[in-house]
Amino acid sequence: MKKEFKLDFLGRNLTVEVGMLAKQTNGSVLVRYGDTVVLSVCVMGKTPVTQDFFPLQVLYQEKLYSVGKIPGGFIRREGRPTDAATLAARLIDRPIRPMFDENLRNEIQVVNTVLSVDQDNSPEMAAMLGSSLCLGISEIPFDGPIAGVIVGMDENNNFIINPTAIETEISPLSLTVAGSKDAICMVEAGSKEISEKTMLEALMFAHDNIKILCDFQDNIIKEVGKEKVVLEPVTIDDELLNAVKDYVAKDMTKAIQIKGKLEKYTAIDELKANTVNHFEEVYEGNEDFDQIIKDVKKVVDQIEAEEVRRLIIEKHIRPDGRKMDEIRPLLAEIDLLPRTHGSGLFSRGETQVLATTTLGPLSDHQILDGLGIEDTKRFMLHYNFPNFSVGETGRYGSPGRREIGHGALGERALLSVIPSEEEFPYTIRVVSEVLESNGSSSQATICSGCLSLMAAGVPIKAPVAGIAMGLMSDGKKHTILTDIQGLEDHMGDMDFKVAGTREGITALQMDIKIKGVTKAILKEALAQAKKARMEILDVMESAIKVPRTELSKYAPKVEIFTINPDKIKDVIGKGGEMITKIILESSNTKFVNDKDSCQIDIDDDGKVIIYHMDKDVIDKASQMIQDITREVEENVVYTGKVVKVEDFGCFVELWPGVEGLVHVSQLDYKRVEKPSDMVKVGDEILVKSLGYDNKGRLNLSRKEALPKPKDKPKKEEFKKDKKS
């Protein structure tokens with residue numbers, strides 16, 4: 001039976017429908033937010049899986065019919081998820097994952113299908129609420145609800161919840177926050193150099209409104225929620241637990257504090273293997289042998305995590321011996337690659353990233369086939385994380401969620417300092433190649449990407465650096481860590497990434513493994529991250545302080561000018577004939593798509609942009625276009641070339657594409673019987689423009705361009721000329 005629940009959320013209608021659609025799922029809700037409609041469902045597998053991890057899959061399915069579009073491509077149907085859909089799925093996954101019972105091992109799928117999109121009402125936020133609520137009303141053990149909001153700022157710097165499309169366009173802040181009633185559990189932000197104080201206020205403002213959405217869900221769950229499945233707690237025999245601790249604890253403490261990632265991990269892996277071998281001998285022949293060895297492995301992993309956390313929280317000892325706010329050794333270099341348009345290398349300890357910048361014409365922009373308003377993108381950052389960067393083998397293929405997510409974070413961090421299209425008319429692509437990784441390669445990507453942009457001569461507004469902060473908490477005491485490495489990230493409670501300039505924050509991302517963090521922890525982490533960011537910027541600026549003023553000789557040069565929009569058709573020509581001629585003749589190439597051909601972009605408003613490595617080629621193409629679009633002024637004298645001679649006069653080309661008629665009566669002051677007696681094809685002559693007739697034909701005069709004779713010719717001379 002269908003039930004409907006309504007909430008006036010800050011002046012907008014939020015409606016949830018339960019009991020009508022997808023009734024064979026464990027939980028199903030239809031969320032209507034304005035005209036945005038999302039169906040969220042969850043399904044739980046019948047039996048636990050054997051893997052020792054929680055098998056949760058969150059999907060966000062974009063349907064292009066939701067915005068009245070037909071998909072592109074040959075088959076005209078939705079294919080693999082877009083980057084935007086992948087990021088939306090991650091956005092939902094991150095806050096709900098910590099809310100599941102740690103004993104749950106049944107496969108869980110949460111599927112969000114976007115059915116209708118109103119650009120003023122976020123489908124991502126509707127899907128996040130729907131995901132939480134469908135889990136909340138199901139029998140699946142879930143310690144929610146959670147909800148999310150987007151925070152923007154208006155022209156008076158007041159915070160706005162879930163800004164409209166127009167408000168988003170002018171807002172200096174785009175902050176997505178998810179949380180429960182008690183705490184914030186996920187943050188994703190891009191901003192234009194927002195201060196730490198303002199960012200913290202925005203986070204708290206978001207949480208105040210998240211509480212409203214959580215209360216709304218609680219009321220629905222109380223009315224229609226199913227009884228939760230009770231899971232059997234997974235326990236390990238105390239005798240086995242103590243035996244493993246006695247055997248491995250001291251050696252684990254020593255192994256954790258070995259310097260060097262590979263050496264440390266090798267020692268830990270050997271210790272784990274030796275421990276398993278020992279207990280295999282002890283329990284050989286036991287009827288529960290397989291389960292006992294499985295428990296031994298689990299206990300050893302627990303001891304490793306507990307010891308890392310104990311050393312940091314109680315002793316303030318990090319695995320590599322650093323202070324809590326100390327950054328690993330830094331290195332910044334540029335110009336490693338001679339033929340790229342710009343390159344930068346950034347190292348932080350055992351994390352090393354090489355980034356390159358490539359400049360292309362605006363027509364090289366990325367086409368977006370998604371649900372958003374924007375359909376193109378001129379700045380791209382692509383992140384690659386090969387297996388060799390962590391000393392492992394593995395599958396190589398198309399980018400996964402990690403690559404897409406880290407690339408989007410780096411792109412967001414640098415976007416606010418990228419010059420506008422008017423300031424710098426290029427498509428810009430930054431590619432990050434992670435060469436080594438021991439934590440926070442996404443933030444090293446931001447640093448190396450910034451170096452490569454400046455080396456390429458992109459006039460960014462200010463250098464940007466990023467740092468990853470961590471948290472270890474036992475519920476009573478906590479420690480904030482600067483520049484977390486892999487082990488601290490894996491064993492810690494929070495991964496808090498902050499990127500920005502000296503003036504403020506440009507990007508923020510937070511993921512946690514506990515159920516929330518407080519305002520005090522966020523404030524402390526932001527302050528500690530700012531201090532670290534300044535240290536990193538000092539090192540980056542020692543390599544290159546400001547963007548270069550000249551582009552690489554291998555980067556395309558550019559010229560921009562404007563023509564009369566009515567003349568665009570003349571430049572293009574019938575079937576593209578004229579623009580093809582311009583490209584081929586100016587570049588001296590045989591094919592338009594030849595690598596040596598110039599690139600010409602013409603906007604509907606008449607703006608012309610010409611790209612080529614050689615300035616002479618650009619100048620030639622520019623002159624040809626300006627000749628075609630140049631306006632003929634009346635009563636002005638021009639030098640033209642005779643292109644055709646007729647009995648009634650001759651046709652003169654002033655410049656390519658512009659011809660006019662010099663009537664026989666306008667050839668000279670004296671009478672001319674045959675134009676061919678006076679001019680021939682190829683002659684260059686002076687002509688004066690007489691303007692256009694009512695049919696748009698240009699009339700020219702050679703006579704008017706000549707000095708006037710002092711005396712008029714006598715009639716006898718006219719007769720003589722006529723007889724001859």
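Colleague: Leaving aside its neighbours within four places in sequence, what is aspartate 93 in contact with?
Modeller: Leu56 and Val58 are the contacts of aspartate 93 once those neighbours are set aside. Keep in mind that this is a predicted model.

Colleague: Which helix is aspartate 93 in?
Modeller: Aspartate 93 sits in helix α1, residues 83-96.

Colleague: And why does aspartate 93 count as buried?
Modeller: Its relative accessibility is 10%. Buried means under 20%, so aspartate 93 qualifies.

Colleague: Over to the start of the chain. How do β1 and β2 run, and how many bridges join them?
Modeller: They run antiparallel, with seven bridges between β1 (residues 3-9) and β2. Glutamate 4 is opposite glutamate 17 in β2.

Colleague: What about the turn of that hairpin?
Modeller: Two residues lie between β1 and β2. Leucine 10 in the turn has a positive phi of about 55°.

Colleague: What does β2 pair with through five bridges?
Modeller: Strand β3, residues 27-33, and the two run antiparallel. Leucine 30 in β3 is the bridge partner of glutamate 17.

Colleague: How many residues of β2 are buried?
Modeller: Six of its seven, so the strand, residues 12-18, is mostly covered.

Colleague: What is phi at asparagine 157?
Modeller: It is near 65°, a positive value in a residue other than glycine. Asparagine 157 lies in the loop between β7 and β8 (159-161).

Colleague: And asparagine 162, where is that?
Modeller: In the loop between β8 and α3 (165-170). Asparagine 162 also has a positive phi, about 50°, though it is not a glycine.

Colleague: Is asparagine 162 buried or exposed?
Modeller: Buried, because its relative accessibility is 4%.

Colleague: Let's jump ahead. What is the length check on α9?
Modeller: α9 covers residues 441-455, which is 15 residues. At 1.5 Å a residue they should span 21 Å, and the end C-alpha atoms are 21 Å apart, so the two agree.

Colleague: How many of the α9 residues are buried?
Modeller: 15 of the 15, so α9 is largely enclosed by the rest of the structure.

Colleague: What follows α9?
Modeller: Glycine 457, with a positive phi near 85°.

Colleague: Why call β18 largely enclosed?
Modeller: Because nine of the nine residues of β18, 465-473, are buried. Ala465, Ile467, Met469, Leu471 and Ser473 point one way. Gly466, Ala468, Gly470 and Met472 point the other way.

Colleague: How many bridges link β18 to β20, and how many to β19?
Modeller: β20 (residues 494-500) pairs with β18 over seven bridges. β19 (residues 478-482) is joined to β18 by five. Both pairings are antiparallel.

Colleague: Which bridge partners should I click on?
Modeller: Leucine 471 is partnered by methionine 494 in β20. Methionine 469 is partnered by threonine 482 in β19.

Colleague: How many residues are between the strands in the hairpin of β18 and β19?
Modeller: Four. Glycine 475 takes a positive phi there, near 95°.

Colleague: Last region. In what order do the strands of the open sheet come?
Modeller: β22-β24-β23, with antiparallel pairing. β22 (557-562) and β23 (599-602) are the edge strands. The twist averages 15° from one strand to the next.

Colleague: How many bridges hold β23 and β24?
Modeller: Four, in the antiparallel sense, with β24 at residues 607-612. Isoleucine 600 is opposite isoleucine 610 in β24.

Colleague: Which strands does α14 touch?
Modeller: α14 packs on the sheet and touches β22, β23 and β24. Its direction makes about 15° with that of β22.

Colleague: At what angle do α13 and α14 pack?
Modeller: About 145°, with the axes 8 Å apart. The crossing is right-handed. Residues from α13 in the contact include Met578 and Ile582, and those from α14 include Val617 and Met624. By class, the contact has seven nonpolar, two polar and three charged residues.

Conventions: Residues numbered from 1 in each chain as written. Predicted model: local features only at pLDDT ≥ 70, side-chain atom pairs only at ≥ 80, totals over all residues. Heavy atoms only, no water. Axes fitted to C-alpha atoms, helices over the stretch in contact; angles between N-to-C directions. Left-handed = near helix turned anticlockwise from the far one by under 90°. Contact = heavy atoms within 4.5 Å. Nonpolar A, V, L, I, M, F, W, Y, C, P; charged D, E, K, R; others polar. Pairing = 2+ DSSP bridges. Buried < 20%, exposed > 50% of the residue type's maximum accessible area, 1.4 Å probe, protein only. Expected span 1.5 Å × (residues − 1).
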